[in-house]
There are 4 protein chains.
Amino acid sequence: MQPKIEVGVLGATGMVGQHFVKFLQGHPWFKLTWVGASDRSSGKKYRDATGWRLGGEMPSSVADLTVEDCKPGNAPKIVFSATDASVATEIEQSFAKAGHVVVSNSRNHRMETDVPLLVPEVNADHLQLVPLQQRKRGWKGQIVTNPNCSTIVLTMGLGPLKSFGIRRVVVTTLQAISGAGYPGVPSMDINANVIPFIGGEEEKMQVETQKILGEFAGDHIQPLDAGVSAHCNRVPVVDGHLVTISVEFANKPAIADLLDAFTRFRAVPQERKLPSAPPQPVIHMPGNDRPQPRRDAERENGMACFVGRVRECPVFDYKFIALGHNTVRGAAGAAVLNAELMVTEGLLD
Amino acid sequence: MQPKIEVGVLGATGMVGQHFVKFLQGHPWFKLTWVGASDRSSGKKYRDATGWRLGGEMPSSVADLTVEDCKPGNAPKIVFSATDASVATEIEQSFAKAGHVVVSNSRNHRMETDVPLLVPEVNADHLQLVPLQQRKRGWKGQIVTNPNCSTIVLTMGLGPLKSFGIRRVVVTTLQAISGAGYPGVPSMDINANVIPFIGGEEEKMQVETQKILGEFAGDHIQPLDAGVSAHCNRVPVVDGHLVTISVEFANKPAIADLLDAFTRFRAVPQERKLPSAPPQPVIHMPGNDRPQPRRDAERENGMACFVGRVRECPVFDYKFIALGHNTVRGAAGAAVLNAELMVTEGLLD
Amino acid sequence: MQPKIEVGVLGATGMVGQHFVKFLQGHPWFKLTWVGASDRSSGKKYRDATGWRLGGEMPSSVADLTVEDCKPGNAPKIVFSATDASVATEIEQSFAKAGHVVVSNSRNHRMETDVPLLVPEVNADHLQLVPLQQRKRGWKGQIVTNPNCSTIVLTMGLGPLKSFGIRRVVVTTLQAISGAGYPGVPSMDINANVIPFIGGEEEKMQVETQKILGEFAGDHIQPLDAGVSAHCNRVPVVDGHLVTISVEFANKPAIADLLDAFTRFRAVPQERKLPSAPPQPVIHMPGNDRPQPRRDAERENGMACFVGRVRECPVFDYKFIALGHNTVRGAAGAAVLNAELMVTEGLLD
Amino acid sequence: MQPKIEVGVLGATGMVGQHFVKFLQGHPWFKLTWVGASDRSSGKKYRDATGWRLGGEMPSSVADLTVEDCKPGNAPKIVFSATDASVATEIEQSFAKAGHVVVSNSRNHRMETDVPLLVPEVNADHLQLVPLQQRKRGWKGQIVTNPNCSTIVLTMGLGPLKSFGIRRVVVTTLQAISGAGYPGVPSMDINANVIPFIGGEEEKMQVETQKILGEFAGDHIQPLDAGVSAHCNRVPVVDGHLVTISVEFANKPAIADLLDAFTRFRAVPQERKLPSAPPQPVIHMPGNDRPQPRRDAERENGMACFVGRVRECPVFDYKFIALGHNTVRGAAGAAVLNAELMVTEGLLD
């Protein structure tokens with residue numbers, strides 16, 4: 001058995017950071033040995049610096065780590081970034097400059113032309129941007145990102161359909177409260193209510209989707225030439241973003257072919273049997289009222305995308321729904337899967 | 001002061017029936033003097049036959065009425081129908097045949113070619129179908145219907161925009177649990193969850209919208225020639241259906257003109273100051289996260305449609321959200337407003 | 001018609017302050033003409049300084065008031081205090097010293113020996129502390145307080161039973177999220193959950209209840225010599241605190257007498273027909289599953305206490321439940337009723 | 001490795017039956033080979049007869065079983081009973097008479113003087129009733145029961161304290177909706193609400209607790225001579241019953257001794273390492289706001305009881321809270337643990 005690869009988490013005390021800590025527990029390849037956070041926390045034990053908000057207990061192997069400043073130095077080569085957008089640009093670049101592989105869940109670098117925005121089942125080849133990034137920026141290290149949580153659900157649902165020529169997409173999201181972190185959404189706002197607005201979310205879904213579904217074109221990603229319109233809503237659900245999708249294709253498939261495309265879809269993470277990859281990334285549920293967030297999001301360790309209600313759309317070609325676990329597949333799990341992909345690409349050597 | 005017009009409610013003991021009873025309380029023109037229900041209840045006092053599920057107390061003036069069979073005879077000329085779809089066809093037709101004006105919230109006759117499907121602010125002129133209906137069916141009475149609750153919200157949101165030439169609409173609903181009646185949705189299904197399916201709802205929204213926005217064409221309604229695609233979802237909200245709308249026009253207006261169309265929209269119910277008509281039927285809320293079901297649906301006595309978040313749509317022309325109170329404007333209040341309109345048309349003479 | 005009495009609100013921009021603004025709208029005796037808040041807000045229009053969180057719209061008569069510093073000077077004689085506990089001691093005392101009548105919802109002075117802690121239906125006579133307070137502190141003004149929101153529900157439920165000799169009370173609360181203000185309870189904590197802890201609440205319920213049910217003893221309130229034990233919980237309900245009560249009496253009444261005591265209970269606010277007083281302060285609901293927060297808390301303008309499920313207790317004498325609206329009867333409405341009582345006592349002259 | 005013991009489930013298609021099916025999946029000792037249900041289902045495959053309502057998928061090994069009538073005959077010796085109370089008396093007795101070991105979750109026989117009402121950590125010795133039961137009733141088989149879900153939480157919380165002499169207990173429950181089965185509680189009743197009544201629940205908690213904490217006295221159980229008063233409430237929580245407890249002892253311990261009693265508590269199931277027994281049956285959580293249903297009920301496979309907030313009670317000696325998973329430890333898991341205990345007692349030979 002190979003020794004595990006040591007990894008760190010930037011912004012480890014916040015909600016997303018806690019999800020990284022939890023998701024990495026017992027990981028077969030990676031061992032979390034370093035946690036970084038803001039000045040306020042550094043120097044304390046992780047257990048003392050962190051108000052643990054997740055179910056279950058704080059992993060004991062992490063609880064006794066001393067929180068470090070978010071500065072390169074003694075950090076391991078691979079660092080996952082859960083840093084707040086207000087500081088992520090500077091922190092992530094300083095680590096990449098110092099030779100670290102920064103696998104980031106933050107939004108800051110997602111739309112940079114030389115930074116891969118990865119959903120490994122959909123666009124693993126976008127990793128080809130990395131050498132360009134290193135050359136252009138003079139970095140020995142690198143930054144690789146995963147999309148916004150709602151974008152991941154949408155692009156995993158659309159990924160298997162790419163060959164039909166996606167032309168137009170109208171999507172409405174029903175997003176869980178955990179997507180807003182902690183304290184996040186006040187209960188007075190969301191109890192028995194819907195909040196029909198999430199700041200910046202619609203714009204992110206629209207442009208990130210085009211980039212993820214786009215093509216590597218030598219020195220940049222050519223975004224998919226498809227119209228994407230998002231309506232984003234917060235609903236009183238704990239975990240699991242559900243989206244309704246109407247889609248128009250260049251080549252409308254028969255419905256059987258569409259279902260087949262979902263069910264047979266396998267990609268690089270499955271071929272390489274990456275440890276966090278779901279055996280079947282997109283699962284079609286035949287029940288007429290499934291998938292549902294509370295009942296389905298946690299299946300497959302929260303790493304699959306569930307689709308259902310596939311039917312003809314009177315306006316476009318088809319409509320259907322998709323569901324994914326926003327804090328697992330949509331955040332920490334996404335980044336860890338990216339890192340696993342990068343290991344198999346030799347990008348960490 | 002004129003004496004009030006006596007009215008009855010068919011199916012008065014069920015949830016929708018209770019909403020009629022509540023809404024008619026203190027009505028300036030109508031006085032509820034007759035309640036009909038199934039055999040199981042007839043002969044009992046309304047208070048004994050009815051498990052009152054609404055907030056507040058059962059109106060005392062109704063509590064002592066004796067529940068009658070749902071058969072014409074001693075019923076007043078105007079009857080509101082809250083009967084279950086399984087029996088509504090037969091009951092409503094027997095009353096119309098016997099000379100009653102049946103103002104129905106049931107779905108059974110909505111799509112009949114000679115039956116008006118009314119949203120008084122949008123298509124009051126569809127009442128011209130009534131003489132045709134009476135002639136064709138040989139009835140002295142008549143049946144007039146109001147749409148499904150989610151359709152009302154959509155058509156009130158689209159009504160002011162009709163002059164721009166509505167061509168395509170993609171709509172996703174987030175519907176309140178009260179829309180499913182009582183016992184309705186089991187809490188095990190909807191607590192902290194979304195149910196992405198409501199049986200028959202999408203089809204109803206699609207065809208009803210086309211009929212309501214259509215034109216009276218001498219002997220029938222010419223449906224609007226526009227594609228309408230609906231995604232219907234149940235969310236854990238008590239009252240108020242929220243819908244997200246993307247719309248394409250034949251003549252795309254400037255956004256200021258669109259907002260103006262909402263805000264200046266007035267129609268027959270406002271001109272005639274019908275007692276249940278909201279002074280301003282469509283209210284634009286400028287806040288970036290409004291309207292919201294729990295905070296806004298009950299305003300204006302639950303009879304207005306609230307719109308917000310009007311913005312460019314990357315796929316169609318504009319997108320926005322609309323909200324309405326599903327058991328008031330979407331059911332009992334809708335039917336009562338229809339009856340008020342009919343009074344002013346002389347249809348009850 | 002007499003001119004209205006001008007009043008002010010200290011801490012007017014916060015959640016409790018907003019409840020005062022809303023509750024005072026259209027008040028027959030009082031006119032809100034002055035709003036005070038922290039430095040951060042002073043000098044702005046109320047509409048600009050305030051993120052309005054309540055249902056409905058901000059009252060337009062208040063929206064254009066200029067927010068003042070929380071310092072006596074141009075404030076009207078009567079000021080309601082919704083100030084935060086961290087500053088309430090100093091602010092309220094400075095106003096009282098300057099001759100103002102401070103009717104406070106803050107906790108800071110509640111347990112002072114010379115400050116009335118009022119529930120007007122239960123202990124209106126405790127206002128006799130005021131002259132003592134003025135003499136002792138050398139104030140021309142005065143401070144009068146209302147209890148914590150959960151205490152009000154408990155003491156209104158126990159008030160009618162005082163003559164039976166209350167000896168021991170075990171109470172468990174199920175408290176609404178609105179009691180924690182805004183942003184208050186994070187939705188991640190309370191969605192589909194219970195939080196079995198509210199900081200300081202149990203201690204407040206225990207000692208405040210003894211003081212409220214105690215006797216004016218010449219120069220102080222002799223607390224009721226009864227054991228009171230509280231278990232406080234937050235539940236995912238918007239408005240309305242429900243409490244379960246087991247109570248032991250010195251003289252156990254027959255159950256019919258207990259029910260009679262609830263139903264016949266009337267006190268000073270009812271005798272004097274104070275405008276905010278509910279005609280019947282304690283309403284017994286006979287249904288075996290009532291009262292319920294969502295269905296009942298808002299009845300009677302939110303000013304009554306609803307009791308139900310009265311039955312023998314195997315451990316003490318009786319057990320029952322009580323419900324009250326925490327932000328109305330439990331906060332703003334309580335203070336306004338206190339002020340109305342004080343007007344009729346001539347304490348504002 | 002020993003062959004597994006075959007078991008059956010009576011009432012297997014209902015909600016409790018489904019919980020048995022799920023809980024028995026992969027059980028190390030028992031293999032579910034027989035499912036019984038009402039006439040309506042018998043003869044069908046389990047997959048066709050059952051609307052699966054639980055998270056995850058129906059276990060495939062059970063899906064293809066043919067549902068049998070609830071009559072002895074080809075059923076295995078051990079049957080778990082999840083039958084409805086309306087038929088449980090007759091069905092369970094017919095199986096016991098025919099020589100089966102009926103391990104029942106139904107309430108019908110719980111309070112029979114010759115039927116054990118077991119919580120294996122608390123009163124394993126009550127199994128001594130079985131020979132008496134067989135002799136008295138002339139049965140070769142037997143009926144053993146587990147308590148009501150809320151009673152289990154209370155008695156596991158009180159069990160470790162028995163040696164201090166429990167004299168009086170006042171308990172208020174905050175019970176999850178899953179306790180009411182499916183469709184169970186209508187969402188219109190419980191959304192953002194509390195229902196302060198659960199039919200028959202308080203009476204069950206009171207008498208069952210006294211029996212469980214009672215002593216085997218040769219030919220019957222001498223109930224604990226302690227007053228128990230329960231207030232039962234339904235709250236909008238999916239799984240996990242939380243109870244607040246005030247308790248009076250004959251010998252009041254120091255608080256350290258009370259905490260010690262919780263933490264050190266081990267009993268027969270732990271000594272014998274029964275497969276479903278939690279290693280530590282009662283877990284004290286030191287956080288001031290724990291345990292909480294959504295965050296804690298599922299820990300320890302849902303089989304432990306979590307206690308917290310232990311503090312002095314101004315009326316009795318101590319107060320604290322307890323939490324347990326109502327459909328696991330409070331139903332299916334309880335019965336399976338009973339059966340495991342019985343295996344080790346040789347009662348199945």
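Predicted model: local features only at pLDDT ≥ 70, side-chain atom pairs only at ≥ 80, totals over all residues.
Q: How many residues does the contact take from chain A and from chain B?
A: 35 residues from chain A and 35 residues from chain B. Contact means C-beta atoms, placed from the backbone, within 7 Å.

Q: Which elements of chain A give two or more residues to that side?
A: β7 (166-175), β10 (227-234), β11 (241-249), α12 (293-296) and β14 (318-324) of chain A. β10(A) gives the largest share, five residues. Helices (H or I, at least four residues) and strands (E, at least two) are DSSP runs, numbered from the N terminus.

Q: And the residue classes on the side of chain A that touches chain B?
A: 18 nonpolar, 11 polar and six charged. Ala, Val, Leu, Ile, Met, Phe, Trp, Tyr, Cys and Pro count as nonpolar; Asp, Glu, Lys and Arg count as charged; the others, Gly among them, are polar.

Q: Why do the copies A and B meet through the same surface?
A: Because 100% of the interface residues of chain A are also interface residues in chain B.

Q: Now B and D. How many residues are in contact?
A: 15 residues of chain B with 15 residues of chain D. The chain B side has 10 nonpolar, four polar and one charged residues.

Q: What rotation superposes chain B on chain D?
A: One of 180°, with 0.0 Å of shift along its axis and an RMSD of 0.0 Å. Ser187(B) has the C-alpha nearest the axis in chain B, 2.0 Å from it. Here too, 100% of the interface residues of chain B are interface residues in chain D, so the copies meet through the same surface.

Q: Switching to sheets. What is the strand order in chain D?
A: β10-β7-β11-β14-β13-β12, six strands in an open sheet with mixed pairing. Strands pair if DSSP finds at least two bridges between them.

Q: Which strands stand at the edges?
A: β10 (227-234) and β12 (282-285) of chain D. Each has a single partner strand, so one side of each is left without a neighbour in the sheet. The twist averages 25° from one strand to the next.

Q: How many bridges join β7 to β10 in chain D?
A: Eight, and the strands run parallel. One pair is Val170(D) with Ser229(D) in β10(D).

Q: Which helix packs on that sheet?
A: α7 (residues 149-158) of chain D, touching β7, β10, β11 (241-249), β12, β13 (305-312) and β14 (318-324) of chain D. The direction of α7(D) makes about 45° with that of β11(D). Axes are lines fitted to C-alpha atoms, for helices over the stretch in contact, and angles run from 0 to 180 degrees between N-to-C directions.

Q: In chain B, how do β13 and β14 pair?
A: In the antiparallel sense, over five bridges. Arg311(B) has Lys319(B) of β14(B) as its bridge partner.

Q: Last topic, helices in chain A. How do α7 and α9 pack?
A: At an angle of about 40°, with axes 9 Å apart. α7(A) and α9(A) are therefore oblique to each other. Under 35 degrees counts as roughly parallel, over 145 as roughly antiparallel, 65 to 115 as roughly perpendicular, and the rest as oblique.

Q: Which residues make the contact?
A: Ser150(A), Thr151(A), Leu154(A) and Thr155(A) of α7(A), with partners in α9(A) including Met205(A) and Ile212(A). The classes are three nonpolar, four polar and three charged.

Q: What about α7 and α13?
A: Their angle is about 95° and their axes are 8 Å apart, so α7(A) and α13(A) are roughly perpendicular. Cys149(A), Ile152(A) and Val153(A) meet Arg329(A), Gly330(A), Ala331(A) and Ala334(A).

Key: Residues numbered from 1 in each chain as written. Chains lettered and ligands numbered in written order. Contact = placed C-beta atoms within 7 Å. Least-squares fit on C-alpha atoms with pLDDT ≥ 70 in both.
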